[in-house]
Amino acid sequence: MKKKILTLDGGGIKGIYSLSFLSKIEEYLGKPINKYFDLIVGTSTGGIIALGLGKGYSATDLLNFYESMGKEIFSGNRYLNAIKHLGFGKYKNEILKKCLEEKFGETQLGESKIRLVIPSQNLDNGDVHLYKTAHNERFKGDYKEKMTTIGMATSAAPTYFPIFQAPNGLYLVDGGTYANNPLAIAAVEAVGILNWSPEDLFILSIGCTNEQLNIKMPKRLSLGRIYWAFKAINLIMKGQSSAAFGMAQHLTGYHVTRIDEIVAKGKFAIDSINGINNLIGLGNTKGRNEFQNLKEIYFNEITEEFIPCFNLNKGD
């Protein structure tokens, strides 16, 4: 039986591109996007979107939420923020927390209507920290966590937001530090944990716009910290995304569809609120252009109801 997976990259306010794309697909379907996927895996802003879809919000609801939330979170004088960014987190996380609490309330992960995997990273030991719905009998703890807590943990982007200390005491940062593109995590979860047959898996992977790698070969090939301080992060992110795509292709028999947009260098940043309307336009157009190509694979029928191994209502 076909199993459909949605993965959502990290990218701050650029998540509006992903939501605009999904909102356009919803417009054609006449149904919320969350009815068409068996598993959603999202990192950072993609993790917040995944939580929203799991709670039952439509992509259109979340797009409206992101427009208002982004303008609140990434506010302030951009020059003062840039100076602050040199030595501290660029933004405080109190506004983000307030926005998430308003949207998710006291909702727990166990109330998700879809299987979810949301990456974060444990700063105490460097280990990967994955929040998961109770889609396996081994997953007995995460489903009681509040969605707001998980949203804060997965989006605590180093240099942009403070380190997040979870209620259980763990220090956590953005899952994008190792899985900004969570394709490989999704494929491994499907095959290794859910025991879904690889030939039945179809993954729709959505980015948040992308730039061409811009590293020109210098005359002197031996370079130090100053040069690589400005280049290494972009290079690492590109490599991680490429590796994730390749691994997912091999695990699924090349049943992976990647949706993204190549844009000019510096066009959008994690906090580019001035680019919101442009991101909406790009996502909307991509959805219009790709719908017919995707319809038969991902949107020809809704999925079966997700029944978790543990139920909050039963006091498990």
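Accessible areas come from the Shrake-Rupley method with a 1.4 Å probe, and for residues only the protein chains shown count as cover. This is a predicted model: local features need pLDDT of at least 70, side-chain atom pairs count only at pLDDT 80 or more, and totals for chains, interfaces and linings use all residues. Residues are numbered from 1 along each chain as its sequence is written, and side-chain values use heavy atoms, with hydrogens and water left out.

**View 1. The whole chain.** The accessible surface comes to about 15200 Å², and carbon and sulfur atoms hold 53% of that. The chain has 11 helices and 10 strands. These are DSSP runs numbered from the N terminus: helices are H or I with at least four residues, strands are E with at least two. Of the 316 residues, 50% are buried. Buried means under 20% relative accessible area, exposed over 50%, and partly exposed in between (1.4 Å probe, protein chains only). Among contacts with a separation of 6 or more, 78% join residues 24 or more positions apart. Contact means heavy atoms within 4.5 Å.

**View 2. Arginine 115, a buried charge.** Arginine 115 sits in strand β3 (residues 115-122). Arginine 115 is buried yet has no salt bridge. A salt bridge needs a side-chain nitrogen of Lys or Arg within 4 Å of a carboxyl oxygen of Asp or Glu. The nearest side chain of opposite charge, aspartate 38, is 4.4 Å away. Lys and Arg count as positive, Asp and Glu as negative; His and the chain ends are not counted. The arginine 115 side chain does reach the backbone oxygen of aspartate 38, at 2.9 Å. Beyond four places in sequence, its contacts include Leu39, Ile40, Leu194 and Trp196.

View 3. Phenylalanine 306 lies in the segment after α11 (276-298). It is buried, at 9% relative accessible area. Contacts of phenylalanine 306 include Arg115, Thr133 and His135.

**View 4. Helix α2, enclosed.** In helix α2 (residues 45-55), 10 of the 11 residues are buried, so the rest of the structure largely encloses this helix. Among the buried residues are Ile48, Ile49, Leu51 and Leu53. Glycine 56 follows α2, with a positive phi near 120°.

**View 5. A nonpolar surface patch.** Leu123, Ile163 and Tyr171 form this patch, with about 280 Å² of accessible area together. Patch residues have over 30% relative accessible area and no salt bridge; like charges are joined within 9 Å, nonpolar side chains (Val, Leu, Ile, Met, Phe, Trp, Tyr) within 5 Å. Leucine 123 is in the loop between β3 and β4 (128-132). At 42% relative accessibility, leucine 123 counts as partly exposed.

Methods
Polar contact = N/O pair within 3.5 Å; in protein donor to acceptor, adjacent residues only side chain to side chain.
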